[in-house]
Amino acid sequence: MDGRILGKRQNIFFLLVLLGRISGGKTLSLNGLPATGNVTENSSAYVLVYTFSVTLSPSPSEVAPGYPLIINSNPLTKAFRIDPGATHTYKVVTTGDPVLDYETMPNSFDLQIYVNDTAGASDLQILTVQITDVNEPPVFRGNLADQTVMIYILEGNRTPPGVIYQIDASDPEQSQLTYSCTPVSESFTVSQTGTISSTKEFDFESDPHTYVLNITVTDRLGLSTTRTVIVNIINTNDETPYFTTKDKVYRIPEETSPGTVVGNITAKDPDGEGIVSTLVYSISPPNMHFSINPFTGVIYVAMQIDRDAAPLRLHPNISLVIRVEDNPSGGQTNEMEITVIIEDLNDNPPECSFYNFRLEVYETATTGTLLDLRDHCQDIDVEPSNNEFNFTGLSGLGSNKFTLNPSDLGRIVLIGDLDFENPDNLAVEEYTLTAVVQDIAQPYYTNNIYIYIKITPVNEFFPVFNSPSYVFNVSEITRAGSSIGEVRATDKDLPFTGITYSIVAGGGTLSYTNIFWIDPNEGNLEIIATLDYETTQKYILTVQASDTEKLATVSVTINVLEVNDEKPVCSANTYSLAIPVDLTVGTNIEGFRIECVDRDSSPRSFRYFINSGNVNNHFTFSPSAGSNISQLILASRFDYDSGLDTIWDYRLHVYITDDNLLSGSNRATALIETGTVTLSIKVIPNPTTTTTTTPAITLLIRTENVYSESAWYVPFLISVGSMLLLGLLGYLSFLLAKYIRTYCPPKPKADKRPLKNTPEKKKVKKEEVWEMTKINTVFDGEARDPVTGKMYEYNSKSGARRWKDTKESMEPGIKDPLAQEMTKINTVFDGEARDPVTGKMYEYNSKSGARRWKDTKESMEPGIKDPLAQVISTASANSSEGKDRTGTASKQEAGTTGRELAAENNMAAKPSEGKAETSSQDSLKIHKPKDGVGGRGSSSPDRSPVPSPKIYPQLQPKPASKNGVKILGAIPKPSLRH
């Protein structure tokens with residue numbers, strides 16, 4: 001838009017100039033233009049940019065008022081104007097609005113200057129103004145641009161050393177800036193990127209509370225700008241209160257009255273300035289004997305202290321940890337431990353923790369102290385004049401081998417020999433001693449102490465084998481379970497405890513972990529697996545003899561004797577060959593050769609012979625012996641023309657035997673084993689040979705299944721796997737049948753009796769009278785029904801139940817038990833639960849709530865022998881449709897009976913209420929036809945009464961024992977206090 005306006009203005013003025021020149025023909029010019037002028041950026045108003053003059057035409061004319069003027073500029077600006085100077089001289093100056101800026105404005109302006117005189121002449125020239133760049137100081141931005149920044153940091157480790165503020169500054173010339181801080185502080189640094197960082201953690205109590213930092217930013221030419229940053233240190237609750245009380249030990253006598261002052265604990269908090277501090281004192285953990293005022297720190301006696309009672313009887317010094325905490329709660333805490341010494345009153349005799357000691361001493365024990373009785377006896381009086389005692393009067397069996405030395409310490413000292421192996425000793429296994437503990441101060445209290453010393457044998461000698469080593473030879477075909485030898489060891493220790501033998505090393509192969517077994521008591525070695533000379537020729541066992549503590553070992557070498565028990569195995573077990581009838585004698589038939597190996601025989605031990613099928617001896621092997629490789633050779637010609645040969649297909653059974661020609665040493669027996677090879681040979685006649693029959697080629701493959709005793713586990717694993725599979729299939733079948741029986745019950749049989757009996761077949765029904773007595777039951781227990789989740793009350797003796805909130809019977813749907821219809825329903829019990837009264841499992845129907853015991857299938861209503869007399873609920877899920885589980889119209893069939901029962905019940909008097917377990921005088925007579933609806937079904941067997949809950953006796957605490965001492969019995973402490 002500005003460009004189009006400028007173009008239009010230029011066209012108009014060019015047109016004016018042209019018209020002026022054409023009309024007047026007069027001249028007017030701007031001297032010194034066009035030209036270029038310079039001015040620096042940021043220049044104020046009236047700064048001279050350029051000076052030019054106007055030359056008028058010869059005619060007497062003047063410059064028109066208001067001229068010359070700037071009619072346009074490129075780009076547009078109001079930063080320049082023309083002021084008059086001397087005669088016909090003019091100056092281009094700045095206006096100061098806007099201020100010229102080299103960085104944000106164009107650096108060059110083209111000013112179009114137009115002049116017009118009174119004669120109508122005009123001229124238009126262009127003045128180009130160049131803006132010169134001037135270096136400007138940096139400027140702060142953000143918070144530091146126009147104000148002082150306040151920074152607050154917390155003392156201590158809550159503000160670790162690091163960056164606390166980022167300075168934001170820029171240079172108009174985009175030059176690199178540098179930052180500095182005055183005065184120089186060791187606590188703060190300013191990086192060249194403008195970050196202010198702290199160099200330490202501040203302490204409000206020891207460091208200045210305020211730091212004034214003068215931040216200066218400087219450009220590369222030295223121009224700078226300064227702003228102030230004030231850092232304030234905020235006081236926090238980081239100082240721990242300290243105690244000013246120096247006393248840590250206090251003394252009070254026992255039996256001091258409660259409320260007596262023990263001492264006063266005081267403390268101070270260094271964090272006093274700027275924080276409201278209230279010190280709170282406490283005893284941590286609380287002590288039953290003392291209390292403290294939380295605000296003053298005064299410690300009081302809380303209860304009367306008996307130093308003679310545990311635990312003060314053994315430890316009269318009470319340690320209290322005084323805890324002081326400043327405010328706010330959860331701040332700094334400090335603790336100081338003080339000791340309160342309970343001073344003793346002399347009122348206790350010397351006492352021992354045990355008066356019966358049982359010691360066990362090894363037979364090899366040397367002379368020295370066995371028991372320090374003073375460690376087990378004490379006088380709880382603290383003062384030396386009251387707590388001193390000694391031991392006297394050592395007597396009893398063994399007093400010649402033991403003594404009290406010294407008597408004041410009560411040390412039982414061994415002075416004799418106790419060795420069982422010493423023939424001079426009588427081998428006494430237990431000694432009984434008696435000592436007396438006596439107080440040396442009046443009134444000289446005494447007590448007897450009994451010491452029982454048992455002598456324990458010591459295993460002093462190692463077992464010794466009868467031989468330094470054992471060697472046994474055994475054939476490789478020896479059967480498992482056979483004995484191969486025996487090892488023996490002796491022990492000199494008395495009494496003799498026996499020796500146990502075991503194999504601790506050797507005797508294993510890749511197939512078996514243990515090949516041998518040793519009798520742990522007798523030392524007899526037996527084979528428990530198969531031996532194989534070809535696999536292992538020698539076993540070296542390490543047999544260990546143990547007397548439960550000491551061990552001895554011996555090397556046992558078992559040499560396996562070789563037996564020729566391996567058959568030759570040939571690579572061609574069965575083979576089929578074809579030869580022409582005119583084959584030359586001595587020819588290797590089809591290049592066939594047999595190659596055999598034998599694990600226990602030399603390759604030179606093989607012999608080859610054809611056992612059967614070699615009719616007329618046409619075939620032979622070469623060599624026939626002495627090599628493990630032999631060729632099949634034609635030994636004689638075939639003669640079919642004369643009739644000597646008639647067989648065209650030969651089946652040869654070749655036997656390969658070994659002569660067991662290996663080393664003759666270490667051989668148990670001389671045996672020969674035989675391998676077999678079957679060869680099928682077809683003789684092909686010449687084309688000129690006439691045969692009456694066309695022989696067929698028969699290929700027989702013989703497969704032998706040889707059972708190896710070493711593979712016994714194969715049939716065993718197959719048998720076990722088959723049994724497990726059959727068991728799994730049986731279990732899955734059981735689960736499937738149980739699922740089908742539970743969720744797919746069989747359809748009940750329909751009752752095919754007619755709904756209405758014909759008159760001619762109606763029989764006279766005999767009536768039976770049943771007398772029932774209604775008892776007001778006392779419900780003495782409560783439980784939660786697992787089916788409905790509601791609380792119900794029960795009688796622990798009879799098992800009767802009723803709902804707790806409605807006081808109705810637990811049989812659902814029954815409002816008045818006297819008006820129930822006597823209808824028997826075949827109920828499907830689809831759930832199980834445990835009765836909280838009896839603890840027995842029962843089944844229930846989730847819809848009707850009917851229950852029965854799981855094991856006896858009896859109804860859970862106790863005490864009812866005949867189901868004909870039961871009051872059975874009809875409020876089941878199917879009864880709303882008027883049908884029972886069998887699909888019969890139960891209500892129609894029992895309608896008459898129900899109405900008769902209701903009439904009879906209404907006539908009966910109601911029993912009295914509020915009487916517990918009392919027989920009612922009112923009797924109910926129920927008329928029941930023998931063949932009625934309720935008459936079918938057998939009577940339930942008698943049920944045992946519901947057992948009462950078990951009451952478990954409280955466990956008595958076990959008596960305390962003393963480590964290291966076995967107590968035969970504790971002698972009660974005699975009552976000495978009066």
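**A walk through the predicted model**

Arg307 lies in the loop between β24 (298-301) and β25 (317-325). The model is a predicted one. At 0% relative accessibility, Arg307 counts as buried, because the cut-off for that label is under 20%. Leaving out residues up to four places away in sequence, Arg307 touches Glu254, Leu312, Arg313, Pro316, Ile342, Asp344, Ile380, Asp381 and Val382.

Side chains of opposite charge can pair when their charged atoms come close. In the whole structure, 15 salt bridges are found. One of them joins the side chains of Arg323 and Glu335, with 3.2 Å from N to O. Arg323 belongs to β25 and Glu335 to β26 (residues 333-343), so the pair ties together parts that are 12 residues apart in sequence. Both residues are partly exposed: Arg323 has a relative accessible area of 26%, and Glu335 has 43%.

A salt bridge between Arg851 and Asp785 has its closest N and O atoms 2.8 Å apart. Arg851 sits in strand β60 (residues 851-853), while Asp785 is in the loop between β55 (781-784) and β56 (791-794), so this pair ties together parts that are 66 residues apart in sequence. Here both partners count as buried, Arg851 at 13% relative accessibility and Asp785 at 2%.

Asp207 and Lys200 also meet through their side chains in a salt bridge, at 3.4 Å from N to O. Asp207 is buried, with a relative accessible area of 15%, whereas Lys200 is partly exposed at 28%. Elsewhere, Glu486, Arg488 and Glu522 are linked in a network of salt bridges.

Strands of a sheet pair through backbone hydrogen bonds, either parallel or antiparallel. The open sheet in question has 3 strands in the order β38-β42-β41, with antiparallel pairing. Its edges are β38 (483-486) and β41 (516-518); each has a single partner strand, so one side of each is left without a neighbour in the sheet. From one strand to the next, the twist averages 25°. The antiparallel pairing of β41 with β42 (residues 524-527) runs over 3 bridges. Within it, Trp517 has Glu526 of β42 as its bridge partner.

Another open sheet has 4 strands, ordered β2-β8-β7-β4, and its pairing is mixed. At the edges stand β2 (35-40) and β4 (69-74), each pairing on one side only. Neighbouring strands are turned by 30° against each other on average, direction ignored. Strands β7 (residues 108-116) and β8 (residues 122-132) pair in the antiparallel sense over 9 bridges, and Asp110 stands opposite Thr128 in β8.

Gly831 is buried, with a relative accessible area of 12%. Apart from neighbours within four places in sequence, Gly831 is in contact with Tyr842, Glu843 and Tyr844. The C-alpha atoms of Gly831 and Val787 are separated by 8.8 Å, and the two residues are 44 residues apart along the chain.

The last stop is on the surface. Trp712, Tyr713, Val714, Phe716, Leu717, Ile718, Val720 and Leu724 form a nonpolar patch there, with about 800 Å² of accessible area together. Trp712 is found in the loop between β53 (674-684) and α2 (713-743). With a relative accessible area of 44%, Trp712 is partly exposed.

Key:
Residues numbered from 1 in each chain as written. Predicted model: local features only at pLDDT ≥ 70, side-chain atom pairs only at ≥ 80, totals over all residues. Heavy atoms only, no water. Patch = residues over 30% accessible without salt bridge, like charges linked within 9 Å, V, L, I, M, F, W, Y side chains within 5 Å. Areas by Shrake-Rupley, 256 points an atom, 1.4 Å probe, with all protein chains shown as cover. Salt bridge = Lys/Arg side-chain N within 4 Å of Asp/Glu carboxyl O. Helix = DSSP H or I, 4+ residues; strand = E, 2+ residues; numbered from the N terminus. Buried < 20%, exposed > 50% of the residue type's maximum accessible area, 1.4 Å probe, protein only. Pairing = 2+ DSSP bridges. Axes fitted to C-alpha atoms, helices over the stretch in contact; angles between N-to-C directions. Contact = heavy atoms within 4.5 Å.
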